[in-house]
Amino acid sequence: MNEEGHGSGSRTSPPPLRSRRLALTFEAFHDTYHRGWLRFAHLQVGDADAARTVVDLLCAQLAGGWSHALKQGNVQFYAWALLKEHIAARLEERNHRVALVETAAFASAVTRMLDVTEDRFAVLECGICLYGAIARLPERQYDAVVLRFVLGYPEAEAAALLGVKASTVRSTVSFAKRRMAKDLDIAWETQIGG
């Protein structure tokens, strides 16, 4: 994937809309959130092509009902909910589960193994346990933690993708850290980023 979150040079363009004004607002929305949607979808479905398919379906649905989407109280949240529905449908139709543990844990463990050479199995086990704890979080906490710490989005960007305030992301992450610490039986202040 290139920096835009697209495969080797391909660029998914937003579907055409009837009204130029609607098209412009959709294009701006699409361009703002497309990369984040792709990154999140890839993490969930575990495959770049499947992630592009999921996001293309989302974009087609949004474009087709863009005037309806604009009437929603929070367009970002509405789009996020639709993205999650498309991801769930993709996973269900392929009879798969969320790929977070496989994609994120191993990538993280490999990175950490380069720095910690004394006990590679302990590092791998720690990463798998942490990502397993993330996978067991309630949906809102899961989304906030994945966006902030697995995908590395700053608070403000994670909040924008989720359609909430940055303070909501901060508090949701705090609750998630406590829950994960309890799940892993560790002191959260010192072990999971305080």
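**Salt bridges and core of a predicted model**

Me: How many salt bridges does a search of the whole structure find?
Reply: The search, run over the whole of this predicted model, finds seven salt bridges.

Me: What does Lys84 form a salt bridge with?
Reply: Lys84 forms one with Asp143, and their closest N and O atoms are 2.7 Å apart. Because Lys84 lies in helix H4 and Asp143 in helix H7, the pair ties together parts that are 59 residues apart in sequence.

Me: Is Lys84 buried or exposed?
Reply: Lys84 is buried, with a relative accessible area of 17%, and Asp143 is buried as well, at 4%.

Me: And which residues are linked with Lys84 in a network of salt bridges?
Reply: Glu139 and Asp143 are linked with Lys84 in that network.

Me: Where do Glu155 and Arg170 sit?
Reply: Glu155 is in helix H8 and Arg170 in helix H9, 15 residues apart, and the two form a salt bridge whose closest N and O atoms are 2.3 Å apart. Glu155 is partly exposed at 22% relative accessible area, and Arg170 also counts as partly exposed, at 44%.

Me: Changing topic, which residues touch the most other members of the largest nonpolar core?
Reply: In that core of 46 residues, they are Trp37, Phe40, Leu62, Leu83, Ile134 and Leu147. The largest share of the core, nine residues, comes from H1.

Me: What is Leu83 in contact with, leaving aside its neighbours within four places in sequence?
Reply: Leu83 is then in contact with Trp37, Phe40, Ala41, Val54, Val55 and Leu58.

Methods:
Residues numbered from 1 in each chain as written. Predicted model: local features only at pLDDT ≥ 70, side-chain atom pairs only at ≥ 80, totals over all residues. Heavy atoms only, no water. Core = buried A, V, L, I, M, F, W, Y, C linked by side-chain atoms within 4.5 Å. Buried < 20%, exposed > 50% of the residue type's maximum accessible area, 1.4 Å probe, protein only. Helix = DSSP H or I, 4+ residues; strand = E, 2+ residues; numbered from the N terminus. Contact = heavy atoms within 4.5 Å. Salt bridge = Lys/Arg side-chain N within 4 Å of Asp/Glu carboxyl O.
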